[in-house]
Amino acid sequence: MSKAPMRVAVTGAAGQIGYSLLFRIASGEMLGKDQPVILQLLDLPQAQQAVKGVMMELDDCAFPLLAGMVATDDPNVAFKDADVCLLVGARPRTKGMERADLLTANGAIFTVQGKAIAENAKEDVKVLVVGNPCNTNAYIAAAAAKKVGRTNPNNYHGMLRLDHNRALSQLAEKTGRSVSSFKKLVVWGNHSPTMYADYRNCESNGDNVKALINDHAWNNDVFLPTVGKRGAAIIEARGLSSAASAANAAIDHVRDWVLGSSDWVTMGVPSDGSYGIPAGIVYGFPCECKGGSFKIIQGLEIDEYSREKMNFTLKELTDEAEAVKDML
Ligand code: NAD
Ligand code: LMR
């Protein structure tokens with residue numbers, strides 16, 4: 001007997017990440033090749049015609065798992081009974097806009113959407129925020145959801161999987177080994193150039209990767225800046241921000257969360273106080289997923305260099321939290 005469809009809400013459905021994401025969700029790459037899905041697509045009123053065009057293309061793929069589609073500009077409709085929400089749509093930074101202006105503009109969006117999710121979605125809904133600044137947007141959405149109280153605020157995540165995947169590729173290139181050989185990598189902190197990609201615990205075919213590379217200067221002067229500034233490098237090269245790789249990371253994050261992970265995965269999750277990160281701050285942690293739940297890997301040793309890097313990225317997040325506190 002076939003499974004009941006799962007409802008997946010995607011915001012910013014007419015945008016470039018949406019265009020890379022929706023077809024893969026409908027083909028079963030995110031929730032499984034035996035899992036029918038209903039897509040609930042949210043975008044602004046002026047983007048509704050473009051959403052209709054994307055839906056026509058989804059129809060034309062004749063995906064066997066696509067059990068239905070809804071297009072709307074109303075968050076209450078988009079999030080109705082949703083099992084998974086991918087919050088991609090966000091206000092981009094425009095000329096003359098300071099970071100604080102962006103935080104305020106997006107704060108308004110994520111307050112509304114966090115509340116609408118909590119009021120309308122399934123109680124165990126899983127929410128992944130992709131729209132930037134994704135950690136703080138997830139923090140805002142979780143705070144709005146907490147007020148409503150129906151859903152689990154710990155299930156409001158920010159996306160650091162793209163940073164994790166970028167770091168894996170850099171390690172593969174440096175060592176000449178396959179990406180799949182690397183286990184136990186983590187990217188701590190914010191999805192921003194301050195993030196700390198940490199391969200001290202990482203293993204490749206039984207070797208410790210730190211010992212294998214044994215090059216502190218490369219770690220500090222090449223690896224960390226390359227991973228941290230990769231988004232800007234892509235904007236510079238493409239004239240547009242990353243889209244297919246961002247959509248791929250979103251699929252990886254939700255697939256592992258729902259279906260289970262075979263390795264540590266980096267997830268931006270509300271801190272439970274682990275590693276001295278203040279409770280509630282949405283921070284990149286090493287996680288393991290099983291049975292539809294995630295847990296933060298505990299007990300890792302934090303050396304002085306790592307603590308400094310972790311505090312630096314934390315400071316950016318606590319400053320952002322301070323900047324939006326009046327909205328919460
Ligand atoms: P885009 O401009 O192509 O598309 C954004 C879409 O969101 C548009 O269709 C727009 O109409 C819609 N939108 C805007 N406000 C909305 C709202 N309130 N409700 C619903 N829809 C709304 O942008 P994109 O390239 O798809 O990127 C989307 C976001 O993802 C950006 O914030 C970008 O910075 C971010 N991003 C994050 C990561 C990450 O790793 N976390 C990676 C890449 C991009
Ligand atoms: C990325 O990392 O590619 C995105 O967050 C886009 C950006 O602004 O860096």
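**Reading the pocket**

Guide: Gladly! By class, the lining of the largest pocket holds 25 nonpolar, 16 polar and eight charged residues. Ala, Val, Leu, Ile, Met, Phe, Trp, Tyr, Cys and Pro count as nonpolar, Asp, Glu, Lys and Arg as charged, and the others, Gly among them, as polar. This is a predicted model, where local features need pLDDT of at least 70, side-chain atom pairs count only at pLDDT 80 or more, and totals for chains, interfaces and linings use all residues. Residues are numbered from 1 along each chain as its sequence is written, chains are lettered from A and ligands numbered from 1 in the order in which they are written, and side-chain values use heavy atoms, with hydrogens and water left out.

Visitor: What takes up the space of the largest pocket?

Guide: A pocket, on a 1 Å grid over the protein atoms alone, is an open set of points where a 1.4 Å probe fits, with protein on both sides within 12 Å along at least five of seven lines; lining residues have an atom within 4 Å of a point. A molecule sits there if more than half of its atoms lie within 2 Å of the grid points. Here, ligand 2 takes the space of the largest pocket.

Visitor: Which side chains make polar contacts with ligand 2?

Guide: A polar contact is a pair of N or O atoms within 3.5 Å. An oxygen atom of ligand 2 is 2.6 Å from a side-chain N or O atom of His191. For Asn132, a polar side-chain atom lies 2.8 Å from a ligand 2 oxygen, and for Arg166 the distance is 2.8 Å.

Terms used: A polar contact is a pair of N or O atoms within 3.5 Å; within protein, one must be able to donate a hydrogen and the other to accept it, and residues adjacent in sequence count only if both atoms are side-chain atoms.
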